[in-house]
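Subject: Structure for you to look through

Dear colleague,

I am passing on the structure that I promised you, and below it I have written out what was found in it. Please keep the view open while you read, and follow each part there.

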Amino acid sequence: MNKTLLIIQREYLSRVKKKAFLIMTFLVPLLIIAMYALIFFLSMRGGDNTPTVEVIDESGIFNKSFENKRSVNFKSSTLSLSEAKKKVINEEEAFILFIPKDIKSGGSIELFAQKNAGLSVISSIENQLNEQMRVKLLQDAGIDSETLDKIKPNLSVVSKELTVEGEKDSSSGAAMAVGFAAAILIYMSLFIYGIQVMRGIIEEKTSRIVEVVISSVKPFQLMMGKIIGIGLVGLTQFLLWIVLSVGLMSIASTILFKDQVEQEKSEIPMADQSAAAATPKGPGTDILKALQTVEWNYILPAFIVFFLGGYMLYSALFAAVGSAVETDTETQQFMLPITLPLLFTYIMSFSFIVNNPDSSLSFWLSIIPFTSPIAMMVRLPFGVPNWELALSIVLLIGGFLFTTWVASRIYRVGILMYGKKVSFKELGKWFMYNE
Amino acid sequence: MLSIRNIVKQYAKHRALDNVSIEIEDGSIFGLLGPNGAGKTSLIRIINQITAPDQGEIFLKGEKLNPKHISMIGYLPEERGLYKKMEIGEQMLYLAQLKGLSKSDATLKIKHWFEKMEIESWWHKKVEDLSKGMQQKVQFIATVVHDPKLIILDEPFSGFDPVNAQLITDEILDLNKKGATIIFSTHRMESVEQLCDSIALIHQSKKILDGKVKDIKNQYRNNTYRISFSGKLERQENDFFTINSEKLDDGITHLTIQIKSGHSVNDLLHYLMPQVQISELMEIIPSMNDIFIQNVKN
């Protein structure tokens, strides 16, 4: 078997077999799902414990015409307002909806409760109030609401991006969020896996195994084997995250939304599609819906390419640092030049690029190999011309070839230097050595 | 076996090897000697193709050194170690495969060595659970598992306890008997005297002495004898020997005498016998240690 493959295999297996890897692999999607579920439950507060709202209708318009919904039940009440308020103070679970006499002339409807009512409770009440008020007002004006419904136009604006390649659905905010998430993920993983490369090299150097290994293989093979092996660990991790997240997400959404979807179906008359879109479903379904609009087959390959390119570029630098030192603490001084461009791009991405995606600074940041892996991920959702994307990728490949070349020249000398405090000047000297 | 010709290795301002040439015979045990920093490790790294010389060439079995030779060489570095968190067996397999063995071949050979060293039960142990001496056994196996024709051991005995040192020595001699050429790099002269056929002494990047141990020792003999006798030596002044030291112990005189060239030990005996009762006469042959120190100091 090819020796570089052997090294890749060892680097890969020894990490994938670790408990930490398994924990990370399962924990992250679970955390995502947990957060997602938390948002969902917070927004759908109540759940099993459906609040019952007592309606005091002084106007007489809405009398007993409220329908019970999944998130809220209604009950008409004969209490006076002051009695009702006392009841709210005494009873934790009491909700009182007060509709004043002067509702038509601008009086406000009030909901009394000890705690804040959930978003879905309020929107359910508002929807019913508005719908019934509309019917009532139409009747007062002598218009048959059924006739009106029939002639109600059902128009909506679909946002399309028009480019030379044709038109496509605008990927809106969700895509932007995905771009952001991808940028953050790349930023973090460049560090996480880059530092793994560095640590691995320090380990080989301090344990003194390195001299045995490089009497069998070229230092370059060892370095590349390590970089590729750990890169594959990263890819595996991402792949498992995606698979697990999608899997868990679909399981979670079937459980969470099953009732709701069915209920909505029965609630909404076929003719009233626009009302269906306006029906509150909670942020949970919104997120799912929005995520479905993201162009995964475009974002995912881009993510993989820019992660790999950026990883190869930076991990080579991390490798050079690892070869020059013997302990983690010595790495500090060399880490700064690696950390700075990454941190700079990261900050720029969220403060500048997102607001000015087509400015020349954004363009350059997404073209220069040291910053492009992060900057390009932020720019992508806003639409990036193909030639820019191609140029960025080509330069990124050139960039990592360059850093790998530089790093390997430092690495081959560094790994055999023991007990020496190293400066940048020293690294320069190593770089200049003949083989 | 190994022919090292005019090797020069330059590091920035420091010349690590300055025109070093050494011939190592097939099947010999060769000592590469020199004080710390003399350039031994630099030379060994060049032989292992870890680094390349700036000038000069090395031939292995008449063939210019090339990557194919890697599988023929077994190298135990002075700075040696293992992956701490990796299982021993797995680690041996990895290292053996890097040397070019197939997985099945490597497994077979490792099992054989583990049995020989009586460490079969270590296969699934991690390195961090082994003592330093145990680790060295494992490292030694890793060095020789692929049946190298040339074995290079850099300070092999540092850190070994006497029992393990003997065990390893026996294994080295056994491998040598089976045809392997062995290069020792060391500054421990007792092991040189015990094991090596030939040596080269490197000092300040230059080879200053080489040859067969026997020849070198002969070369450094300087007609010095130790003689013990009872009785009184009347005339000490003479023209054919000088007394280097004199000691009187319990009525017996111990002298160290250097005989001037042109005279023999018989002349000395002729001179002494009439005067004293000789109880012991011995030639002082310089130890490798003396030769080493003498050469390095000059």
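Which helices do the buried residues of H2(B) pack against? Before the reply, a word on conventions: this is a predicted model, in which local features need pLDDT of at least 70 and side-chain atom pairs count only at pLDDT 80 or more, while totals for chains, interfaces and linings use all residues. Residues are numbered from 1 along each chain as its sequence is written, chains are lettered from A and ligands numbered from 1 in the order in which they are written, and side-chain values use heavy atoms, with hydrogens and water left out.

The buried residues of H2(B) pack against helix H1 (3-16) and helix H7 (210-214) of chain A, and also against helix H3 (103-116) and helix H4 (132-144) of chain B, where contact means heavy atoms within 4.5 Å. Helices (H or I, at least four residues) and strands (E, at least two) are DSSP runs, numbered from the N terminus. Helix H2 (residues 88-98) of chain B has 10 of its 11 residues buried, so it is largely enclosed by the rest of the structure; buried means under 20% relative accessible area, exposed over 50%, and partly exposed in between, with a 1.4 Å probe and protein chains only. Among these buried residues are B:Ile88, B:Met92, B:Leu95 and B:Leu98. After H2(B) comes B:Gly100, whose phi is positive, near 110°.

Next, a pair of helices in chain A. Two packed helices are described by the angle between their axes and the distance between the axes. Helix H11 (residues 296-324) and helix H14 (residues 372-379) of chain A pack at an angle of about 165°, with their axes 9 Å apart; axes are lines fitted to C-alpha atoms, for helices over the stretch in contact, and angles run from 0 to 180 degrees between N-to-C directions. That angle makes H11(A) roughly antiparallel to H14(A), since angles under 35 degrees count as roughly parallel, over 145 as roughly antiparallel, 65 to 115 as roughly perpendicular and the rest as oblique. On the H11(A) side the contact is made by A:Ile299, A:Ala302, A:Phe303, A:Phe306 and A:Gly310, which meet A:Ser372, A:Pro373, A:Met376 and A:Met377 in H14(A). The residues of this contact divide into seven nonpolar, two polar and no charged, where Ala, Val, Leu, Ile, Met, Phe, Trp, Tyr, Cys and Pro count as nonpolar, Asp, Glu, Lys and Arg as charged, and the others, Gly among them, as polar.

Now the sheets. In chain B, four strands form an open sheet in the order E12-E13-E11-E14, with antiparallel pairing; two strands pair if DSSP finds at least two bridges between them. Strand E12 (241-249) and strand E14 (277-283) of chain B stand at the edges with a single partner strand each, so one side of each is left without a neighbour in the sheet. The twist from one strand to the next averages 20°. Within this sheet, strand E11 (residues 224-230) and strand E13 (residues 252-259) of chain B pair in the antiparallel sense over seven bridges, and B:Phe229 has B:Thr253 in E13(B) as its bridge partner. Helix H8 (residues 265-272) of chain B lies across E11, E12, E13 and E14 of chain B and runs at about 165° to E14(B).

In chain A, an open sheet of four strands has the order E2-E1-E3-E4, and its pairing is mixed. Its edge strands, strand E2 (73-76) and strand E4 (110-113) of chain A, each pair on one side only.

Strand E9 (residues 198-203) and strand E10 (residues 206-212) of chain B run antiparallel and are joined by six bridges, with B:Ile199 opposite B:Gly211 in E10(B). B:Leu201, found in strand E9 of chain B, is buried, with a relative accessible area of 2%. B:Leu201 and B:Leu32 are 169 residues apart in sequence and 6.2 Å apart in space, C-alpha to C-alpha.

With best wishes
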